[in-house]
Amino acid sequence: MSWTPELALALALILPLIGGAAVLGLGAKPNLREAATLITAVALAVVVAYLVEASGSRPELVLFELAPGLELKFKLEPLGAMFAMVASSLWIINSLYSIAYMRGNNEKDQTRFYFCFTISIAAAMGIALSGNLLTLFFFYEALSLATYPLVAHKGDAKAKRGASIYLGILLATSIGLFLPGVFAVYAFTGTTDFTVGGILSGVGPMAGSVLLVLFAFGIGKAALMPVHPWLPNAMVAPTPVSALLHAVAVVKAGVFSILKVVVYIFGADYMQTLPAADVLAWVAGGSIVVASVFAFTKDNLKARLAYSTVSQLSYITLGAMLASPLALLGAALQIVMHAYGKITLFMTAGGIYTGAKKSEISQLDGLGRYMPVTFAAFTIGALSIIGVPPFGGVWPKVFLMEGAAEGGQPWLIVMLIGSTLLNIGYLLPIVIRGFFKPKPEPSPMRPGQPPALAWIAPLITAGGTIVLFFAIGPLIDFLSPVFTTEMTP
C-alpha cells in the first residue's frame, strides 16, 4: 500500500485508538504503558505533520453514507490541519507532564486515565478532520463522553458533582441546540458538507440568524456565556486534565467548531447579512470582560485560570462573528497562541501543587524563590496571554483589532484593550507574589521541587510562545488562503 494523504487521514484517526489498546494491555507495567502513550503521541504528530504539508490537495475519506448528503466523511483543509497540529504536538508535552504529575501525586487509576486520554485525542482528531457537520457532531459528542471519566477521575463527591455539571451542560447544549442546527442545515440545503464560501446563501437572514444562535450556544465547548459553567466546574480534575480541557482538546474543539461552521457552512459574505452576528459579537465581547472580572474574584489558581479561559475563548467567537478576513485570521491564530500560553499556566499550577501542595494564590508568597523555573515559565505564559511581545499571544489581538477597525466596530478595539488591562490585573499579581513577596512568618518548611518533567514540560511550551511570535509569517501564509481565496465560492 502506497503512502497517500488519504491513508494519513485514516492513520490520524486510528493511531490514538491503537495507543489506547496498548495502554490497556500494558496497564500492569507502568513504564511500558507510559512509553506506549509517548510513542503513540509522537507517531500521531509525525502523521499530522505530513497532513499539514498535504492540506493543499484537500484529501477526502468517506467511511459510509447514511443518506444522500449525510455521510461520515473526513476532509483535510488548512484550518483543520492547524487544529490537528496543535492537539497532536501538545499531546506529546502533556503526556510527559502527566507522567510526572500522576506519579508525583500518587494518583489512582492511572491506566484508565491514560486510556481515556488517548480516546479523547482520537475524538479531537475526528473533529479536526471532519468533512461535514454530521461527522463533526459525532466526534464532538465522543469527546464529551471520553473526557467525562477524566473530569471525575478523583472519584470523590466534589469530582462527581463537577463531572456531572460538565457532561450535563455539554450534552444538553449539543443535543438541544447543536443537533437541531445540523438537521436544519440539511433540511435547507440537502447537505451538511463543509464547502468553500458556505452553503446557506439561499436561506433568509432571519432563518440564518436562528441557525447561527443554535450553533453559537449549541457548541457549548466554546464556553460562550451563559453556557460556560461546565468549564470552572471541570477544574476538579487533575491538572493534566485541566491542561487537556483548556489547551489540547475540549475548549479548542469548541471554538474550532464555531470557526469552521462560520467559514464553511455560513460563509463570510452570508454572515455579513445576519442580524444575529452583531448581537453575538456583543455577547462575546461581554463574555470577554465579565469572565475577566470573575477571574479577579478567585483565589484558587486553577479557578482563576478557568475564568481566564472563558474570556480568552470569546476572542475566537468574536472574530468569527465579525467574519472579516483579518478578524477570522485573528480568531484562528488565537486557537494556536492561547493553546501554548494556557497549557503553560496550567502545567505550572500543577507543578506548584506537586512540589509545594499549594493551590490558592494567597499561599504563593515567595514560592518563586524555591521554584524559579516553574514561576519563570508561568511568567512567560502569562505575558503571552496578556499579549506582550515577543510572545505569540500578541498577534491574535493585533489582527482582531484590525478586523474590528475593518468592520467599522471601534468599540471592540476598546474592549480588547480593556481585556488586556484586566489580564494584567489578574495574572501579574501571581508573578509578583511568587518572586517579590516574602514568606510569611513563622517560615514554613522549605517546599519541595516538582519532578523534573513537571517543570521541563511547561518550559518547552513557554519557549513555544516565543517561537510562535517569530514564526508568525509562515503561519499566516498557511492560514491566509482560508480567509481570502476561500471566502467566496
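User: Is Ser209 buried or exposed?

Analyst: This is a predicted model, and the values below are computed from it. A residue counts as buried under 20% relative accessible area. Ser209 has a relative accessible area of 7%, so it is buried. Ser209 lies in helix 7, residues 205–218. Leaving out residues up to four places away in sequence, Ser209 touches Leu274, Pro275 and Ala276.

User: Where is Ser55 found, and what does it touch?

Analyst: The loop between helix 2 (30–54) and strand 1 (60–67) holds Ser55. With a relative accessible area of 3%, Ser55 is buried. Setting aside residues up to four places away in sequence, Ser55 has contacts with Leu76, Glu77, Pro78, Ala81 and Phe478.

User: How are two packed helices described?

Analyst: The description uses the angle between the two axes and the distance between them. Here, helix 3 (residues 78–104) and helix 4 (residues 110–128) have axes that come within 10 Å and cross at roughly 170 degrees. Angles over 145 degrees count as roughly antiparallel, so helix 3 is roughly antiparallel to helix 4.

User: Which residues of helix 3 and helix 4 meet?

Analyst: On the helix 3 side they include Phe83, Ala87, Trp91 and Met102, and on the helix 4 side they include Phe113, Phe117, Ile121 and Met125. By class, this contact of helix 3 with helix 4 has 14 nonpolar, 6 polar and 1 charged residues.

User: How many residues does the largest nonpolar core have?

Analyst: That core has 170 residues, and Leu133 and Phe266 have the most contacts inside it. Helix 14 (residues 325–356) gives the most to this core, with 18 residues. Apart from residues up to four places away in sequence, Leu133 touches Phe178, Val182, Val185, Thr192, Phe194, Phe215, Val261 and Ile265.

User: What span should helix 10 have?

Analyst: At 1.5 Å a residue, the 17 residues of helix 10 (residues 250–266) should span 24 Å. The end C-alpha atoms of helix 10 are 23 Å apart, which agrees.

Key:
Residues are numbered from 1 along each chain as its sequence is written. This is a predicted model: local features need pLDDT of at least 70, side-chain atom pairs count only at pLDDT 80 or more; totals for chains, interfaces and linings use all residues. Side-chain values use heavy atoms; hydrogens and water are left out. Axes are lines fitted to C-alpha atoms, for helices over the stretch in contact, and angles run from 0 to 180 degrees between N-to-C directions. Helices (H or I, at least four residues) and strands (E, at least two) are DSSP runs, numbered from the N terminus. Angles under 35 degrees count as roughly parallel, over 145 as roughly antiparallel, 65 to 115 as roughly perpendicular and the rest as oblique. Contact means heavy atoms within 4.5 Å. Ala, Val, Leu, Ile, Met, Phe, Trp, Tyr, Cys and Pro count as nonpolar, Asp, Glu, Lys and Arg as charged, and the others, Gly among them, as polar. A nonpolar core is a set of buried Ala, Val, Leu, Ile, Met, Phe, Trp, Tyr and Cys residues joined through side-chain atoms within 4.5 Å. Buried means under 20% relative accessible area, exposed over 50%, partly exposed in between (1.4 Å probe, protein chains only). The expected span of a helix is 1.5 Å times one less than its number of residues.
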